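User: Hello! I'd like to go through this model with you, one question at a time. Shall we start once it is on the screen?

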Amino acid sequence: CRLWQRLGGETDHQSLRELVELERAVKSVLDVRVDPGLVSCSREGGQMTVSQPLGIQILYLGEDDLIYCAQHQTEAVSRFDCAEGAALLTHCEGEGDVFATPAAGGAEVRCAVSFQTIGIRRDSFVSLKNCTLQEPDLSQPETERPSIVLRQMQPDENLWDVAKSCCTTRA
C-alpha cells in the first residue's frame with residue numbers, strides 16, 4: 001500500500017510592511033484591501049520556499065481633494081525545512097486588520113500574514129491483499145501456492161513439522 005504519512009507541522013507569522021509608490025501626493029488613505037493569490041512552493045535542497053502573492057488596493061484622497069485608487073502587487077515569502085521526498089500542504093491567511101498611512105512618495109501598508117504547513121511523505125507499506133481459509137493444496141506447483149500461510153500450531157507440533165506439512169523449510 002502507498003499511504004501518506006504526516007511528518008509534522010509548522011507556523012510562521014510575519015508582519016508585512018510595504019511602501020506603495022503612488023502617482024499623486026496623498027492627503028489621507030480612505031481604505032485599503034489586501035487580496036491573496038495562489039500559494040506556490042519551490043524546493044531548494046532540504047527547504048521549501050512558500051510564496052504568497054498579495055494584491056494591494058488603496059483608495060486615497062489626493063492633495064487636490066480628489067479620490068484615487070491604486071493597485072500594487074507584492075508577495076510574502078517563508079521557508080520551511082522539508083526532507084527529500086516529502087511535500088508540504090500549505091495555507092496562508094491574513095491576520096488582523098490591514099493599515100495604510102500616507103508616506104513620502106506614496107502610502108505605507110502594514111498587515112500580518114500567517115503561513116501554516118503540514119509536511120507529508122508517501123510511503124509504501126507491506127500489507128495483506130487477499131486471504132482465504134483453507135488447508136494448503138500440496139499438489140499445486142510451488143509458484144501457485146500462497147506466499148504466506150497463517151496457521152496455529154498444535155501443542156504437539158514443532159516448527160519443523162509445520163514446515164514439512166507446507167513443503168518448505170524452517171527458514
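User: What does Leu59 count as at its relative accessibility?

Analyst: A word on the ground rules: this is a predicted model, in which local features need pLDDT of at least 70 and side-chain atom pairs count only at pLDDT 80 or more, while totals for chains, interfaces and linings use all residues. Residues are numbered from 1 along each chain as its sequence is written, and side-chain values use heavy atoms, without hydrogens or water. Buried means under 20% relative accessible area, exposed over 50%, and partly exposed in between, with a 1.4 Å probe and protein chains only. Since Leu59 has 34% relative accessibility, it counts as partly exposed.

User: Which strand holds Leu59?

Analyst: Strands here are DSSP runs of E with at least two residues, helices are runs of H or I with at least four, and both are numbered from the N terminus. The run with Leu59 covers residues 47-62, and that is strand β4.

User: About how much accessible area does the nonpolar patch with Leu30, Leu59 and Ile67 have together?

Analyst: Patch members have over 30% relative accessible area and no salt bridge; like charges are joined within 9 Å, and nonpolar side chains (Val, Leu, Ile, Met, Phe, Trp, Tyr) within 5 Å. The areas come from the Shrake-Rupley method with a 1.4 Å probe, and for residues only the protein chains shown count as cover. For this surface patch of Leu30, Leu59 and Ile67, the accessible area together is about 270 Å².

User: What is the order of strands in the open sheet of three strands?

Analyst: Two strands pair if DSSP finds at least two bridges between them. The pairing in this open sheet is antiparallel, and the order is β1-β7-β6.

User: Why is one side of β1 and of β6 left without a neighbour in the sheet?

Analyst: β1 (2-21) and β6 (86-103) stand at the edges of the sheet. One side of each is left without a neighbour because each has a single partner strand.

User: Over how many bridges do β6 and β7 pair?

Analyst: β6 and β7 form a hairpin with two residues between them, and Gly105 in the turn has a positive phi of about 85 degrees. Leu89 stands opposite Ile118 of β7. The pairing of β6 and β7 is antiparallel, and its bridges number 15.

User: And over how many bridges do β1 and β7 pair?

Analyst: Leu19 stands opposite Glu108 in β7, and Arg6 has Ile120 of β7 as its bridge partner. Strand β7 covers residues 106-124, and the antiparallel pairing with β1 runs over 19 bridges.

User: How many residues apart in sequence are the parts tied together by Asp65 and Lys27?

Analyst: A salt bridge is a side-chain nitrogen of Lys or Arg within 4 Å of a carboxyl oxygen of Asp or Glu. Asp65 forms one with Lys27, and the closest N and O atoms are 2.6 Å apart. Asp65 lies in the loop between β4 and β5 (67-81) and Lys27 in strand β2 (residues 26-36), so the separation in sequence of the parts they tie together is 38 residues.

User: How many salt bridges does the count come to?

Analyst: One of the pairs is Arg24 with Glu23, at 3.5 Å between the closest N and O atoms. Arg121 and Asp123 make another, at 3.1 Å, and Arg17, Glu108 and Arg110 are linked in a network. The total comes to seven.

User: Is Asp123 buried or exposed?

Analyst: Arg121, the salt-bridge partner of Asp123, is partly exposed at 27% relative accessible area. With a relative accessible area of 16%, Asp123 is buried.

User: How many disulfides does the count come to?

Analyst: A disulfide is a pair of cysteine sulfur atoms within 2.5 Å. The sulfur of Cys92 is 9.2 Å from the closest cysteine sulfur, in Cys111, too far for a bond. By this rule, the number of disulfides is zero.

User: How far from Cys69 is the nearest cysteine sulfur?

Analyst: Cys69 counts as exposed at 55% relative accessibility, whereas Cys92 is buried at 9%. Cys69 is in no disulfide, and the nearest cysteine sulfur, that of Cys111, lies at a distance of 17 Å.
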